[in-house]
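I opened the notebook to record what I looked up in this structure.

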Amino acid sequence: MIRYIYGNDLHKFPQLARSMFRDRADQFRTRLGWAVEVDVNGYERDAYDGENPLYVIWEEEDGRHGGSMRLLPTTGRTMVNEHFSHLTDGVEIRSPLIWECTRFCLSRGARPGVAAALMLAGGEVMQHFGVAHYVGVFDARMVRIYRRIGACPEVLGSDGTGRAQVSVGLWEFSAEAQSRVARAAGITPEMSRRWFERAFGAVPRPGATQAA
């Protein structure tokens with residue numbers, strides 16, 4: 001299932017948090033060889049984890065992390081503005097309608113549909129938080145994943161070639177994209193909505209009228 005947890009509330013889910021940060025270390029340093037810092041507990045964390053981000057996490061049946069991503073409004077600190085602005089010709093991306101998505105991570109044992117489930121959950125945030133676009137930095141290996149999911153971004157800029165290429169992309173929500181991603185995830189939009197409502201409360205259904 002999907003959980004939506006703000007950074008300040010991660011302590012309420014200790015097993016989920018521990019396994020997420022350890023899986024991030026395993027993916028980004030061990031498997032991909034990125035120059036990320038890993039602490040004595042085996043956790044991969046950075047300064048943006050201290051900005052109270054919204055984590056979207058796939059929780060396995062045993063309570064452990066299966067996959068996750070981290071969301072932050074671009075009105076505050078973001079990786080794209082502080083470390084990757086050369087990919088956008090120095091133009092900073094700042095808007096209350098644009099959030100940054102980073103640290104997209106899958107555990108070694110994640111089932112095939114987890115990546116799509118995370119993207120589907122990201123669409124819930126866009127619909128109900130008034131987010132028009134996500135911006136994110138991704139490497140060449142993610143292109144295949146995005147194509148498989150059915151959620152390819154608009155590329156704003158790239159650097160490098162082949163497997164070493166790094167790009168900045170922009171994603172938007174559409175009902176068509178939601179249907180494609182839901183099929184890839186093997187999850188109905190109704191189930192996705194229920195998980196969102198479990199975290200944030202009921203939201204109005206499309207076409208519903210409010211009492212005066």
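**Hairpin and strand pairing**

I looked up the turn and found that β2 and β3 form a hairpin with 5 residues between them; G63, in that turn, has a positive phi of about 90°. Strands here are DSSP runs of E with at least two residues, numbered from the N terminus. The model is predicted, so I note its limits: local features need pLDDT of at least 70, side-chain atom pairs count only at pLDDT 80 or more, and totals for chains, interfaces and linings use all residues. Residues are numbered from 1 along each chain as its sequence is written, and side-chain values use heavy atoms, with hydrogens and water left out.

I then checked the pairing, for which DSSP must find at least two bridges between two strands. Strand β2 (residues 54-59) pairs with β3 in the antiparallel sense over 6 bridges. On its other listing, β3 is joined to strand β4 (residues 98-106) by 6 bridges, and these two run antiparallel. S68 of β3 is the bridge partner of I57, and S68 has C105 as its bridge partner in β4.

**Burial**

I examined the cover of β3 (residues 65-73) and found 8 of its 9 residues buried (buried: under 20% relative accessible area, 1.4 Å probe, protein chains only).

**Cysteines**

I searched the whole structure for disulfides (cysteine sulfur pairs within 2.5 Å) and found 0. C101 is in no disulfide, the nearest cysteine sulfur being that of C105, 12 Å away. C101 is buried, with a relative accessible area of 14%, and C105 is buried at 0%.

Conventions. Buried means under 20% relative accessible area, exposed over 50%, partly exposed in between (1.4 Å probe, protein chains only). Helices (H or I, at least four residues) and strands (E, at least two) are DSSP runs, numbered from the N terminus.
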